[in-house]
Amino acid sequence: MQRRLRITGIVQGVGFRPYIWHLAQELNLAGWVRNDAAGVEILVEGEPEQIEVFTRRLPKEIPPLAQVRDLTWSDGPATGEHADFTITESGAGQAATLIGPDTAVCPDCLAEMFDPADRRWRYAFINCTHCGPRYTLTRGLPYDRAQTSMAAFPLCPDCEREYRNPADRRFHAEPTACPVCGPGLEMVELGEIPPSPLYPRMRALRKGGEPLNAIKGSLPFVKGGQEGLSDAQQNPSDPIADTLHRLQAGQIVAIKGLGGFHLACDARNAEAVRTLRERKNREEKPFAVMAANLASIADWVEISPAEAELLQSPERPIVLLRKKPGADAALPGIAPGLAWLGVMLPYTPLHWLIFHEAVGQPAGTDWMDRAQNLVLVMTSANPGGEPLVIRNEEALERLAGIADGVLMHDRDVVVRCDDSVVRFSPSPLMGEGRGGGDWAAMVSGASPPTLTLPREGGGNVGFIRRARGYTPRSIRLPRSGPSVLALGGYLKNTICVTRGDEAFVSQHIGGLDNPATCGMLMEVTDHLLDILQVRPEAVAHDLHPDFFSSRHALELADRWNVPAVAVQHHHAHIAAVVAEHGVTEPILGLALDGVGLGSDGSAWGGELLRVEGSEFSRLGHLSPLPLPGGDKAAKEPWRMAAAALFRLRRTEEIPLRFPSQPLARQLHVLLEHDVHCPPTTSLGRWFDAAAGLLGAREVMAYEGQAAMLLEGLAEGAGEVEPLADGYSLDESGRLDLLPLLARLADEPDAAFGAALFHATLAQALADWTERAARREGLTTVALGGGCFLNHILSRNLTRLLTERGLTVLTANQAPPNDGGLSLGQAWVAMQQIR
């Protein structure tokens, strides 16, 4: 008997062919296995019973990083042409497979790296088929070394033997290398003398066979600024030791990672943190920190078992953890005024080597679980909010004046990819999608889970930013449809490409307020379309015509002669949740965010929608607040507080409450004459008004700061009862929170006021949503928009709606904020052009 099997999913570069080879050998089957653009193709010949066992076991025992999406086969008579089972060369064809995301270095590689007898002892680029870079170094499919940035590094004989041996863990591990043949490290001083063109020389030396980490003192050492540096640092012989010495001396070091450079400093050194903020022009926005292990941060944050699992997962995201008392004192200036701290663990060999150096280079891995004093700030090297720095020459130019030194290497980063950020909510996971992981689910077409979900205790893991570790995993859609390219919104931009019944949401791109980020959008678009081998049949975009993403969508649609589909902002928020949960029936949507252009041309942001397929209707909205000064009001909460006082007929209090604001005395004129005070229904602006009235913040240093500080205050106050008469609902579907703001305007305790605001808001939204659901005859509600990043609001509203018999769907596989817009746009456009 002969059986030909076709497997799609994440099945290339993850040890899948060696796994098939071992299984076939065990069952005494002949034939072959190969990669092609569609995935993995297998031909087996042998006894029918053994072939059936092979087929049953195949999806159940797959390597740890593999994900089987579809498994199909056809049978025929045996030909007898195959005497044994072999792994053959890759084929071509139309892409249907997936490139795996980058993953953390695995325990086996770490054991080798910290074994002094191993040939990869302390080698910063160790990896195997179970770990390491994938997406960020891949230029195209099929996933072979020639299609990656490792093509520049021919394998040495030892690595070649491993690469060709099906029984070896590094069989066809495309990024594999060793100190003899692979990339090397270099520490470069950034000083007053302009750096020389280092990168071409690195390449030249590599081609000449000289190990790159033997290059010392590449640039003139500039005198000055060396106080506190050790003799070893001033005469460096090891880039890792040099890096550690610089960090311990309070310097800022740029470190090249998987998807780009980080800026690092000692998180426990207040002066170093202050210097980094000053140089990066990041006044108050929180930093993430990296610690060696859970024990190293246990004194400062609460860590549940589910959060520990996320931190140690192969994806290694930044996880937001609740601070303990004393966290801000131990880590001064890291996340000022917030209740949460972003934490991640090392995920590259290079990260581990820095922590290994800090404990004296011990042999073995026992040290990895012991608490360490070293904790590092690890923030994206993206000066001025532009895209992440990825090239060495770019780092030397753009990071001069920010970093004191650059720890770089000569393995190119092909695709920029920032760290992912997630948060675990211990409330029950409502509205489960079609996730799956067992053989039956995969063969029937269910989507593999996008996040490493906790297996015990219940809860929900939500994205704040989806990037490294998760991109480019696909999200399974309710049905197949034409291929669509969706270009997202203006802030927190992502793009989405659909192929059949799969949606591929890109890594976080960022705000399209500068040419460099707009260029990254085009770069990511070209790369994703290329690796997926998709030609879109439509291009979707936001309704706002002035966004770069909207203009570029129209240009692409015209170039390709395909339809351009404009999707209203809040419709897209709800459609994203609908798409990932596989909902095809009408649904109620509660879209709450900062702003989005409404279909009537006004600024929306507190919307109750009925969504059905590609259509939606607006059932209600928050009572509008004026925006005194237009867009400026979105950055200055005191203006929104003034708008609330105006509506409360307490205009005379504006200059008394905000004496430090020069325009406080004149603002009432704009409000009274309705000059440059456009209305908005945005819930984000109600948050700002509350923060301004409670004195939490008058002017924001970064987007969303007022709401985050308000959440932090409320977390400190604990649970309070909602204000009974804090809101009103009218028959037109309008929810007015003005009575709540009137109460806050007289509240002397900011923490209690913040807790009261959250409790009353959740109660008001639940009443509003329940009334609409009963009127419309709907029982399911989707929650979308950036306001649902607020942990208290999401938790309380989900509980209240569930208690009232409604099924609640929340964003799980994409962020609820504008990072998920492209998914919703793509799903709406797919249905519209069917």
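Modeller: Contact here means heavy atoms within 4.5 Å. You're looking at a predicted model: local features need pLDDT of at least 70, side-chain atom pairs count only at pLDDT 80 or more, and totals for chains, interfaces and linings use all residues. Residues are numbered from 1 along each chain as its sequence is written, and side-chain values use heavy atoms, leaving out hydrogens and water.

Biologist: What percentage of the protein's residues is buried?

Modeller: The protein has 834 residues. With buried meaning under 20% relative accessible area (1.4 Å probe, protein chains only), the buried share is 62%.

Biologist: Which are the edge strands of the ten-strand sheet?

Modeller: Strands are DSSP E runs of at least two residues, helices H or I runs of at least four, numbered from the N terminus. The sheet is open and mixed, ordered 6-13-7-8-12-9-11-10-14-15. Pairing takes at least two DSSP bridges, and the ones that pair on one side only are strand 6 (185-189) and strand 15 (460-465).

Biologist: Which residue in strand 11 is the bridge partner of leucine 320?

Modeller: Strand 10 (residues 318-322) runs antiparallel to strand 11 (residues 340-344), with four bridges between them. Leucine 320 has as its bridge partner in strand 11 glycine 342.

Biologist: Which strands does helix 7 touch?

Modeller: Helix 7 covers residues 239-248 and packs on that sheet. The strands it touches are strand 6, strand 7 (253-256), strand 8 (261-266), strand 12 (375-380) and strand 13 (405-409).

Key: Buried means under 20% relative accessible area, exposed over 50%, partly exposed in between (1.4 Å probe, protein chains only). Axes are lines fitted to C-alpha atoms, for helices over the stretch in contact, and angles run from 0 to 180 degrees between N-to-C directions.
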